[in-house]
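Here is a note for a colleague who is new to this structure. Please read it with the sequence and the model side by side.

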Amino acid sequence: MSLEEPTPDSDAELDVVGETEDGLDYDALADLLGDKVRTREEHLNAEGFVIRPDDVQDVLFALRDEAGFDHLSSVTAQEYDDRYESIYHLKKFDDPTQQLSVVVPTSKDNPVSESAEPVYRTADWHEREAYDLVGIEYEGHPDMRRILLPETWQGHPLALDYDQTEPQIVTLAEHRNPLQEDHRAGDDSDTMFINIGPHHPATHGVLHVETVLDGEQIADIEPDIGYLHRCEEQMCQQGTYRHQIMPYPDRWDYVSAGMLNEWSYARAAETLADIEVPEYAQVIRTMAAELSRMAAHFLAMGTFALDVYGDFTAIFQYTFRDREIVQNILEDLSGQRLMFNYFRLGGVAWDLPEPREEFFEKTRDFLNDMPGKLDELHDLVTSNEIFQLRCVDTGVLPPEEAKSYGATGPVARGSGIDYDLRRDDPYGYYDELDWDVVTEDGCDNFARVLVRLREVEQSARIVEQCVDLLEDWPEDDREIQANVPRTLKPDHDTEVYEAVEAAKGELGIYIRSDGTDKPARFKIRSPCFSNLQTLPVMSEGEYIPDMIASLGSLDIVLGEVDR
Amino acid sequence: MSSEQSQTANPDVQSTQEARMGEGVDSRFNSKLREAFGSSPFILTKFDKFMNWVRGSSMFMLQFGIACCSIEMIHTYAIKHDLDRFGAGVPRASPRQADVIIVPGTIVSKFAPRMKRVYDQMPEPKFVVSMGSCTVSGGPFQEGYNVIKGAEEVIPVDIHVPGCPPRPEALIYGVAKLQERIANGESAPVTVKPYELEQFGDLERDELVEKLADQIDEEDLVMRYNWADSP
């Protein structure tokens, strides 16, 4: 693990197959895999290698170990008229612009593909989701069952022949009294089964954590998700590109991170339809997104204090006081407190509110108060001895594990992984501004909290520079939107996978177009989904209160985990 | 001892004991309102009316978060909006201690049985405020394969607060309206036939039940969704 800036042309990395100074050499990668690559597809920002369903592990092992693809960003499953397809979106933590898609088609009558779980641990949940929603089965997967929908669900909702009007039966079996005999793990064991959630103050929403306790320590833990699976992908597949999809991203990660989420869809769709965003709009976007990030991190801080101290009265209220100010600024900008719906394809909905001076003054006031408020929070929280006792060296997530589970965002950066898409895969106006990527080497709950607090500082820096830029922007050059056709119809069978750095980490969108004005497949790679997977690594063998702290420091939002 | 001495020395200062032992009603219980009623005031009212007024003036809310609306609900409880000012801001973590459940978010098939169970665990009399468009009709997710089209399909609702999400002010207005209704002894009629939790063995034997018969125990509680003729 290196904390230095990634240097693709250093000596150590020359051994990596396919890496050249101007990006990826796909021919060299294809040579590495030999005749395992059956054909090659052109996706918009990565090439796709089509392989046989029983070669998955061989190919992925080779790509991981010899070509340096250590990040399985996402797994997309979809059904075509004549086949099923799983796409493994590979990236590198050192340089996420180097992307490769591994496409695995399987036949209609026997949709079985080899599991990638032995190569990347994160494939575990991603493949379960693919099975659940689309119906592809993965051979060699350790635990092939539904993940988002109830176990007794009939059919696979994103498959082509699914009938939404069929009745369904859902059980309440998991909620039997945990003290009942059938929940103990046999006569010779003194372990005990405990349900935490789905309605519990510490689960940050509707998460159900099944734990097996040995004394007070956690012997086994499994998050059970899907209590907020509200069909976001289906909703986006039913909406038109231009206007009907944009309101939904706000509702994936709903803790005020709306602007960041909107950007993920905007970025993917703009790449897909080849739209150039005016510079002025990019500055506004960058400012709005960073304000959103601050609001999201404040909430993370407040709820974490609530988890660790049970403190509803002080720290929680301090962070909410600051959130109110951010929300006011964003309301002035977008017209809404929480669900902004402010971005448009090719720009933003409208210019800054008039009078502009008032808006700048309000924002500046907030930024000027920021250092004092952060000191206050550091005094209250991070320098508190009780807090440190609870958080230092608990919930340890080693960097190798974090990478294998596809953890991103503050969770990865708290484990010392220097990975931030704002810098590594630049978009918006970030590469023109002066700011730093925050990392901490602690790998524990404390490090993750510290990363968030320090990121708020950096966000404030970015917003300040954006405000300066906007203030001096010439009046006749304030173009907020590119010229975008009223009805967008990207070419048939164009595929794109793009990601942005949302509040919780890498938020990726895969879109496949079919020539109409609606996407044929819209897949959301949610950072929380991958981050939550690391909970067992952090918590097994630890005490229950430490598990609660770990869950808080992961900062999950169930709307985004379940989508 | 020294204080006693100083008190006897100064006749203007009363000891605490003397103040409490004085004549008439302890002045702490005095108020402008009481004075207005005269020297020995009494009010004639109906017991029910009095109880309803008390009920509406002190409500314990269930700490219950589902989705986006719960963020605005937290803001309603927190600084600035402070729902506690209206006698309705003490969130209780256990349904057994709560009077009001605010349903703040989209209800999906997997969660509805759990929500029903939480509602059942609340002691009577209990009230429901449904917050946000999802709990009115399914909101923006109405067409989803997994989404229950409104909270009323699972539990009876007294007050609907529309919005996506409603502003904290709107939620406060909804809660104030609920308090008003409670004080007037009104409750909302149940107009839809909600999905019930029932034992699997009691379901009508049709194709789906036959198919699941070897997976689900006869005595397990289940909720059956008929999406085609949603209530």
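1. Basis. This is a predicted model, in which local features need pLDDT of at least 70 and side-chain atom pairs count only at pLDDT 80 or more, while totals for chains, interfaces and linings use all residues. Residues are numbered from 1 along each chain as its sequence is written, chains are lettered from A and ligands numbered from 1 in the order in which they are written, and side-chain values use heavy atoms, with hydrogens and water left out.

2. Strand E4 of chain B. Helices (H or I, at least four residues) and strands (E, at least two) are DSSP runs, numbered from the N terminus. Strand E4(B) spans residues 127-131, and five of its five residues are buried. Buried here means under 20% relative accessible area, exposed means over 50%, and partly exposed lies in between (1.4 Å probe, protein chains only). On one side of E4(B) are Phe127(B), Val129(B) and Met131(B), on the other Val128(B) and Ser130(B), so that both faces are covered.

3. Neighbours of E4(B). Two strands pair if DSSP finds at least two bridges between them. E4(B) pairs in the parallel sense with strand E3(B) (residues 100-104) over five bridges, and Val100(B) stands opposite Phe127(B). E4(B) also runs parallel to strand E5(B) (residues 159-161), to which three bridges join it. In that pairing, Ser130(B) is opposite His160(B).

4. The crossover. E3(B), helix H6(B) (residues 112-121) and E4(B) make up a right-handed β-α-β unit. The term right-handed applies if, with the strands pointing away from the viewer, the path from the first strand over the helix to the second runs clockwise. Lys110(B) lies in the loop between E3 and H6 of chain B. Is Lys110(B) buried or exposed? Its relative accessibility is 5%, so Lys110(B) counts as buried. From Lys110(B) to Val136(B) the separation is 26 residues in sequence and 18 Å in space, C-alpha to C-alpha.

5. Two helices of chain B. Helix H5(B) (residues 68-77) is mostly covered, with nine of its 10 residues buried; among them are Cys68(B), Cys69(B), Met73(B) and Tyr77(B). Helix H4(B) covers residues 47-57 and contains Trp53(B). Trp53(B) counts as exposed because its relative accessibility is 53%. Trp53(B) forms a nonpolar surface patch together with Phe47(B), Phe50(B) and Val54(B), and the accessible area of the four comes to about 450 Å². Patches are made of residues with over 30% relative accessible area and no salt bridge, where like charges are joined within 9 Å and nonpolar side chains (Val, Leu, Ile, Met, Phe, Trp, Tyr) within 5 Å. The areas come from the Shrake-Rupley method with a 1.4 Å probe, and for residues only the protein chains shown count as cover.

6. An open, antiparallel sheet of three strands has the order E10(A)-E7(B)-E6(B). Its edge strands, each pairing on one side only, are E10(A) (168-171) and E6(B) (197-199). E6(B) and E7(B) (residues 221-225) are antiparallel over three bridges, with Gln199(B) opposite Leu221(B).

7. Salt bridge in chain B. A salt bridge is a side-chain nitrogen of Lys or Arg within 4 Å of a carboxyl oxygen of Asp or Glu. Asp206(B) and Arg224(B) form one at 2.9 Å, N to O. Asp206(B) is in the loop between E6 and helix H9 (207-212) of chain B and Arg224(B) is in E7, so the pair ties together parts 18 residues apart in sequence. Asp206(B) is partly exposed at 25% relative accessible area, whereas Arg224(B), at 16% relative accessibility, counts as buried.

8. Salt bridges in chain A. Over all chains, a search of the whole structure finds 58 salt bridges. One of them joins Lys91(A) and Glu506(A), at 3.0 Å from N to O. Lys91(A) lies in strand E6(A) (residues 83-91) and Glu506(A) in strand E17(A) (residues 506-513), so this pair connects parts that are 415 residues apart in sequence. Both Lys91(A) and Glu506(A) are buried. Arg413(A) and Glu455(A) form another salt bridge, with their closest N and O atoms 2.6 Å apart. Arg413(A) is in helix H11(A) (residues 409-414) and Glu455(A) in helix H13(A) (residues 445-472), 42 residues apart. Arg413(A) and Glu455(A) are both buried.
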